[in-house]
Amino acid sequence: MKQVFVNKGQIITREVPVKRVESGYVKVATSYSCISMGTELASVSSSGKSIFDRIKDNPDLIKRGLKMLKEKGIGGTKGAIDNSFDKWIPLGYSASGIVIEVGENVSGIYPRDRVACVGGNYATHSEEIIVPKNLITKIPESVSLRNASSVAIGCIAMQGIRRADVKLGEVVVVIGLGLIGQLTVQMLKAAGARVIASDVNSKRIEETKLLGGVHTINSIEESLVETVYSLTNGYGADSVIITAATNSSTPLKQAFNCCRKRGRVVLVGVVDINIDRDDIYQKELEFLMSTSYGPGRYDSAYEEGGIDYPYHWVRFTENRNMQDYLRLIEENKIDLDYMFAEDADIDDADAVYKTLSESTDRPLMQCFKYKKGIKKEKQITEISLKLEPKKKEKISVAVCGVGGFAKMFHLPNLNKITDFEIHSIMSRDGGNATKAANDYHAAKVTTDYRDILNDEDIDVVIITTRHNLHFQYVVDALNAGKNVFVEKPLCLNAQELTIIEETLKRTKGGLMVGYNRRFSPHSKKIKDYLANRVNPMIINYVMNAGYIAPDSWVHGREGGGRIVGEACHIIDLFNYFTDETPVSIFVESITPKTANVSKIDNCVITVKYDKGSIATLTYCANGSSKYPKEFCQIFCDNDTYILNDYKETQIFGTRTSTFTTKVSDKGHYNELVEFARSIKSGNRFLIPLESLLMTSRITFIADEWLK
């Protein structure tokens, strides 16, 4: 299917593979997608800015860059910058179309239903879209698909009014008469408010006059504040809703000055927030922000997880706002006919955006119109990007999951290692997969993991998805006869681990987990020194992991928690250094006094080994970021080894020395080099299988105790 993206200020339309329909999602053949003149044109403009321009606009980026350089090194920092600045950004967030497939756990929506859809990354400018159930609603019979495609923009206007808490007969000033402003005016009229509308554009003023029943003000030609006070007998407006988009703080000052005492100002648009205390203090004004489409926006549990808010507690959610907006169109309370420009074709997207960007007389609204009749049997999830014979001397790799980590480390490293050939890229996001495939010259791109499993040309599957998908992807790849490299963790619980172990007994493919720390040159240096040790060792390892908010995916179902998802790195390193078998585990945690601090990621885990060694991990999220993230001490045979954040290793004792690297080297590159050698030699387990299994078992025991 075709989809529109912006990359470095350039509009590109590309064929990308179709996403799979997962539980809680609906697939829609797009009929219309509405171009947002404000948001999208701003996105196009900002994506074209150089890194220097962005630093100029936001000097804090320098500090963040230096911190990243310290933590991730040159390669990791470059990958993060490339991921941030050189990516295909999908455009569009408001569309309509016909349902062609419905996932499990979706009720009330059926194939062939006419629906309206919202959401960035969902209701995009593309021939087909996959939308979660809370961001889709049926269209009333009398409402056209074209009009319904404006649903997201209508919800933005509606939510601004809800934030203003407008009551029948109140005076409301609307500053800014673009598309959202026009819709706001019409909804306020429908709600029985007295509306005063202001803009600096005479054409927008004239369009608003035609709506009738609205007092309009050109704020260049007359004083907005004086006129509002004149029309309200000197009291001022009950509310002001700012729908303008400008770098100036003038609309905000005007809004404060227009209000009556204890009035409300709601910011829907984008203005410079430079507040003069005197403007708001004596009047005791309320200044409110309006967040997009309504309650549920930016809440992944609502938008992606499909968990609705109770009707009696949250009367108007995103979805209920969508329904209300379409009802207003159905009842002829909103007139959209005068707003639309002639529909455009998605193939002409570059020219359309160029015209809109350069025009001084833009239409209020324009849509892409899509050809009808997309049939389910013609949908494809895999696209071949080149037709070259496989290079038999190389290991053919498929990378499944191309998030930030894969882009920062694995993809660049695979590209450097001559033993590997990146054959396929898989991501649930077709645009993301296609961009990565183009960057790294992959032969195929897909959104369906089954395409990877069925491809006989693929030798190795590298799994870098979110943690909850690791188990099933590993099992399926092994059953398909593939060698597997999976980022940590291997899986999320003991039941999954048992199934993986049983699968390995029945299959022949190799298994490697991305425990990169043991492949760091620092770890290897220490291991060499410890090779001839006589006595057991004591290991103290501090992981100053840093705070992650409780609502992050890392702590939830997708991540499995920080002990299973990250502390496993250090447990594996303990196994590597000791070369012994764990016999007991002791776990203890802090007792937090405040809810923002978690006992689970502020704990101590001690492992006792069969030959006498003891290893202790202090894992903390409540430390200072100024302290090294990872710090290790090892005591053995009158020698002491200090590993400081994988940048410096000091050895004290009979052979005192210091080993340094220019940047923190945690072994990401070396582990892939070693993995390639292991595959070529026919070795199934670069890290011994029992060690892999034991690392997971220890983290499960620790995590269960902590929870």
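User: When does a helix crossing count as right-handed, and which hand has the crossing of α5 and α6?

Analyst: A crossing is right-handed if the near helix is turned clockwise from the far one by less than a right angle. The model here is a predicted one. In this model the crossing of α5 and α6 is right-handed.

User: What is the orientation of α5 to α6?

Analyst: Helix α5 covers residues 151-164 and helix α6 residues 179-190, and their axes lie 9 Å apart. The packing angle is about 55 degrees. Angles of 65 to 115 degrees count as roughly perpendicular and those under 35 degrees as roughly parallel. The angle therefore makes α5, relative to α6, oblique.

User: How many nonpolar residues are in the contact of α5 with α6?

Analyst: On the α5 side the contact is made by I153, G154, I156, A157, M158 and I161. On the α6 side L179, I180, L183, T184, M187 and L188 take part. By class there are no charged residues and 2 polar ones, and the nonpolar count is 10.

User: How many disulfides does a search of the whole structure find?

Analyst: A disulfide needs two cysteine sulfur atoms within 2.5 Å. For C34 the nearest cysteine sulfur, that of C367, is 4.3 Å away, and C34 is in no disulfide. For C568 the nearest is that of C491, 10 Å away, and C568 is in no disulfide. Over the whole structure the number found is 0.

User: Is C568 buried or exposed?

Analyst: Buried means under 20% relative accessible area. The relative accessibility of C568 is 1%, so C568 counts as buried.

Terms used. Residues are numbered from 1 along each chain as its sequence is written. This is a predicted model: local features need pLDDT of at least 70, side-chain atom pairs count only at pLDDT 80 or more; totals for chains, interfaces and linings use all residues. Side-chain values use heavy atoms; hydrogens and water are left out. Axes are lines fitted to C-alpha atoms, for helices over the stretch in contact, and angles run from 0 to 180 degrees between N-to-C directions. Helices (H or I, at least four residues) and strands (E, at least two) are DSSP runs, numbered from the N terminus. Angles under 35 degrees count as roughly parallel, over 145 as roughly antiparallel, 65 to 115 as roughly perpendicular and the rest as oblique. Contact means heavy atoms within 4.5 Å. Ala, Val, Leu, Ile, Met, Phe, Trp, Tyr, Cys and Pro count as nonpolar, Asp, Glu, Lys and Arg as charged, and the others, Gly among them, as polar. Buried means under 20% relative accessible area, exposed over 50%, partly exposed in between (1.4 Å probe, protein chains only).
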